[in-house]
Amino acid sequence: MFHDLLQWLQDVPGATDGDPSTSWSQQLAGSLHLWALTEGTHVVSLMLFAGTILMVDLRMLGLAFKGVPYSTLNSKVLPLTIAGFVLVTLTGLVLFFSNPVHYYHSVWFRAKVLFIFIAAANIFWFHYRIQKSLPEWDNRPNPPVAVKVAAGISLASWIFVIVFGRLMAFVFFECESMPPGSFGYAFAECESEMRAINEMNEEFSEEATEEAGEEAVDETVEEPAEGAADEAAPDAATEATPAEPQE
Amino acid sequence: MNFATLLPELKPALDTLATLWPIPLIKSSSWAMPMILCLHVLALTVLGGATILPGLRLMNVGMTSVPASTIERTVRPWLWGALIVLAITGLIMVAVNPMKVYRSPAFFVKVFALIPALMLSLGVVRSIASRDGVLTQQARILAAIAAALWAAAILIFATSYFAAPGTLHITMAAWLIVMAFGANRTRIVLGAITGVIIVWMFFSTMLLHNPLDDYDLVMEIDRYTARVFALIVGCFLLWEFTRTRTPEAASLIANRLIGILAILAWITVTAAGRWIGLGGGGG
């Protein structure tokens, strides 16, 4: 759906002379420290965000801070959670920007976004419906079932969001390895990504055949030099192995 | 500085570590390592909540209507649970690829920083919080040793060529603490200084790197700017939380600093851990 827009976002902003490899997105992805710092901030901010939301949810489940009124956690801890959420979201958006097309088609990323929406819906439901009855259960060590359900959904969805985020680093369900027609293929809208990948491969193979045509002419001149290079190679190979244990 | 240069005799033992049960089983499974890594991150977030809440309470911010002893007692099982899961998953992560951490300066910093972090959370914070703010002599001494060890860890972290950028996370956490709980005037001044630094970074990149294309120069500028910024934030942190408008007992100020340090110590461990895979493997 948004494939073309995201391809534009990856290729155009910041690019000089129309070269997509110079765009801001690519600069960020190839940066030595900026991407790493953003990703590190994303994870460290999780300690603030998820760590505090855990405590609030535990109170709602009646499993911790039982003697403390919920309103205390609401007014003193939730602001920390919100600050953490702002950090996690900002860094998350920057990270997405570093490779938008790939993440957009990632099964894990899509599942992650889905559960963020579920968690958000849950927060709205709790805040606008259930929190109205707060005076009734504020001091109760064992809150009503609806409150516990909201806490349970919150905990479960954020756990999924974190797990799916962590799994994004693995290549289990890349579009190239999923069969067309499978659920994963459809869920990730692989068709548009595969079309783009195939177009790119065609361009590369066209360039490669052009270059190969030029090289075929050069090779006839360079053959004697290649024969000498082959003789040198086995010596280099035997030299490489003894060096390794000395590291 | 890494374990390879400090303990070269460990290498043969580490080579066999990867062959011990159940490590080969874990390596051959396609889902075991991802699950271990996910558990490590999840436990990390639990650790976050279990260290931030007591730390803030010692600073006399956050849930100030709740006794510190209640907060400490409530988070204690979660703190221990998180630490155990982190230790087990961490050990597995080391055993699966021992050479990677053996040569990693960031891993050395992480292990080194674990010592003051554990001393603070399990020793000092527990002692003060369970006594609802009373700082015993033993806790004071333990805190001083932990502070010295943490300072040493930071120094090693910041001078490691590959891992040094990770120290920015600690600077950022300290900055957030000042901005969240400092006085308004302090926030404005620090905010303005931060703005100046950001503008400086922007211009140094645009004016120096791009036209001169001198990567090494920009790296040096980045490094010194980061150090200056860290020093500035550190000074603001110390000044903001040691000054008092009313004559307060020295131990209350000490509690405040200990609460901050307890939080920053775990941020240090996390940041160093995150940088294990990112920097090079060199000295």
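Is E72(B) buried or exposed? With a relative accessible area of 6%, E72(B) is buried (under 20% relative accessible area, with exposed meaning over 50% and partly exposed in between, using a 1.4 Å probe and protein chains only). This is a predicted model, in which local features need pLDDT of at least 70, side-chain atom pairs count only at pLDDT 80 or more, and totals for chains, interfaces and linings use all residues. Residues are numbered from 1 along each chain as its sequence is written, chains are lettered from A and ligands numbered from 1 in the order in which they are written, and side-chain values use heavy atoms, leaving out hydrogens and water.

- Helices here are DSSP runs of H or I with at least four residues, numbered from the N terminus. Their axes are lines fitted to C-alpha atoms over the stretch in contact, and angles run from 0 to 180 degrees between N-to-C directions.
- On the α9(A) side, I159(A), I162(A), V163(A), R166(A) and L167(A) meet P34(B), L37(B), C38(B), V41(B), L42(B) and T45(B) of α4(B). Contact means heavy atoms within 4.5 Å.
- By class, this contact of α9(A) with α4(B) has nine nonpolar, one polar and one charged residues (Ala, Val, Leu, Ile, Met, Phe, Trp, Tyr, Cys and Pro count as nonpolar, Asp, Glu, Lys and Arg as charged, and the others, Gly among them, as polar).

**Helix packing inside chain A**

- Helix α3 of chain A (residues 34-60) packs with α9(A) at about 155°, with the axes 9 Å apart. At that angle α3(A) is roughly antiparallel to α9(A).
- This time the crossing, of α3(A) past α9(A), is left-handed.
- Among the α3(A) residues in the contact are L46(A), F49(A) and I53(A), while α9(A) brings residues including L155(A), W158(A) and I162(A).
- The class count for α3(A) with α9(A) is twelve nonpolar, one polar and two charged residues.

**Around W125(A)**

- W125(A) sits in helix α7 of chain A (residues 107-128) and is partly exposed, with a relative accessible area of 34%.
- Leaving aside residues up to four places away in sequence, W125(A) touches I130(A), A146(A), V149(A) and A150(A).
- W125(A) and A150(A) are 25 residues apart in sequence and 8.1 Å apart in space, C-alpha to C-alpha.

**Salt bridges**

- Over all chains, the structure holds five salt bridges (a side-chain nitrogen of Lys or Arg within 4 Å of a carboxyl oxygen of Asp or Glu).
- E72(B) pairs with R76(B) in one of them, at 3.0 Å, N to O. Both lie in helix α5 of chain B (residues 68-96), four residues apart, about one turn of the helix, and R76(B) is partly exposed at 23% relative accessibility.
- D15(B) and K11(B) meet in a salt bridge at 3.3 Å, N to O. D15(B) and K11(B) are four residues apart in helix α2 of chain B (residues 11-17), so about one helical turn separates them.
- E240(B) and R243(B) form a salt bridge at 3.1 Å, N to O. E240(B) is buried at 6% relative accessibility, and R243(B) is partly exposed at 27%.

Methods. Helices (H or I, at least four residues) and strands (E, at least two) are DSSP runs, numbered from the N terminus. Angles under 35 degrees count as roughly parallel, over 145 as roughly antiparallel, 65 to 115 as roughly perpendicular and the rest as oblique. A crossing is left-handed if the near helix is turned anticlockwise from the far one by less than a right angle, and right-handed if clockwise.
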